[in-house]
Amino acid sequence: MILVTGGAGFIGANFVLDWLAQSDEPIINLDKLTYAGNLQNLASLEGDPRHIFIQGDIKDREKVAALLSQYQPRAIIHLAAESHVDRSIHGPEDFIQTNIVGTFRLLEAARQYWQNLEERTRQAFRFLHVSTDEVYGSLCKDAPAFTETHCYQPNSPYSASKASSDQLVRAYHHTYGLPTLITNCSNNYGPFQFPEKLIPLMIVNALAGRPLPIYGDGQQIRDWLYVKDHCSALRCVLEHGKPGETYNIGGWNEKPNIEIVQTICELLNALRPADYHKLITYVADRPGHDRRYAIDARKIERELGWKPVETFETGIRKTIQWYLEHQTWVASVQSGEYQKWIETHYQGH
Ligand code: NAD
């Protein structure tokens with residue numbers, strides 16, 4: 001049994017679905033169901049006894065402690081977070097509460113639970129904290145990619161809150177010996193991503209004939225990883241990672257934002273012909289916008305033998321295809337429909 005937090009969000013839902021496609025080990029999925037959590041992502045698991053969904057906040061100490069004591073998981077995979085940089089600029093409070101206070105409470109509950117386990121299960125226990133490359137700050141054009149020893153220089157309330165949570169996790173290992181693992185991953189894309197993030201926003205807007213807003217000059221560079229490859233990396237770190245260590249995860253796919261949008265326009269044009277390029281609209285840059293992130297993933301590749309399966313070219317094609325085939329999902333996450341769906345399907349949780 002493992003406990004996943006944030007398992008109804010984008011990466012969390014992909015992780016839960018992938019896990020249960022490969023293993024019969026059950027998952028307790030603790031998720032608050034904020035605007036970003038969507039149980040429709042997990043509709044294929046309805047009635048599956050291996051998936052136990054609990055609606056709740058990671059800040060709720062009693063609830064987390066009760067879950068740990070009832071289900072006795074061998075690991076916690078911590079994905080729950082407020083995750084959107086733009087939202088953190090307009091309203092940082094939720095980011096501080098969930099990402100910092102929430103991670104602290106979860107760590108406290110995990111520490112107390114872990115300290116009371118009997119020796120063998122105590123040694124095997126893991127707390128896997130899922131984080132981002134944004135904690136490292138911005139890189140100059142020709143600077144080497146972030147390694148695990150790069151100093152932390154977060155520039156947005158989102159990345160500062162994730163950086164704080166990473167440091168707390170690190171401290172719980174060094175101070176209490178909690179067997180923690182930290183992963184810092186680059187930008188993910190793929191099925192079930194809420195259409196506020198770059199790739200799904202561009203696909204959804206293009207299909208609706210709406211403008212494709214590009215911040216500043218569009219030359220901000222990000223590394224991109226297909227979400228299923230992130231999930232396989234998390235499974236690999238969970239099983240083979242060394243407690244107390246950090247692993248960078250990336251796809252060796254550095255691309256400027258404008259190139260991503262142009263690629264989406266070209267691929268869509270081949271599937272649903274239209275002049276999508278004319279929808280590209282440059283808008284005022286995001287305050288404090290980092291110029292470049294790049295991940296050096298050699299440690300996880302060398303020490304744990306992990307490698308991504310998808311290239312950007314194969315992953316983006318799959319993603320576009322998925323959004324084309326799931327227009328109802330898109331429409332429902334953009335409306336109040338899915339809230340109604342939750343109320344009818346998950347009463348009482
Ligand atoms: P998301 O916003 O899609 O999902 C977050 C999930 O957490 C949602 O289901 C939400 O309901 C839940 N949640 C939020 N606050 C909660 C709380 N207080 N208690 C319980 N549940 C809560 O995010 P995502 O893109 O899937 O990211 C998941 C994790 O991976 C985050 O920690 C994020 O920082 C990290 N990460 C994301 C990316 C990326 O490109 N998306 C890259 C690297 C790391």
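## A bridge and its sheet

In this predicted model, Arg222 has Lys255 of E11 as its bridge partner. Strand E9 (residues 221-226) and E11 run antiparallel and are joined by three bridges, where strands are DSSP E runs of at least two residues and helices are H or I runs of at least four, numbered from the N terminus. Two strands pair if DSSP finds at least two bridges between them, and the open sheet of three strands has the order E7-E9-E11 with mixed pairing. Because E7 and strand E11 (254-256) stand at the edges, each with a single partner strand, one side of each is left without a neighbour in the sheet.

## The ligand shell

Around the ligand there are 31 residues, of which Gly6, Gly9, Ala36, Gly37 and Ala81 come nearest; a residue counts as near if its C-beta atom, placed from the backbone, lies within 6 Å. Among the elements that each supply at least two residues of this shell are helix H1 (10-22) and strand E7 (187-189).

## The whole chain

The protein chain has 13 helices and 12 strands, and its C-alpha atoms fill a box of roughly 65 × 50 × 35 Å along the principal axes. Of its 349 residues, 44% count as buried, that is, with 20 or more other C-beta atoms (placed from the backbone) within 10 Å of their own.

## Basis of the model

Residues are numbered from 1 along each chain as its sequence is written. Local features need pLDDT of at least 70 and side-chain atom pairs count only at pLDDT 80 or more, whereas totals for chains, interfaces and linings use all residues.

Notes. A residue is buried if 20 or more other C-beta atoms lie within 10 Å of its own, exposed if 12 or fewer, and partly exposed in between; C-beta atoms are placed from the backbone.
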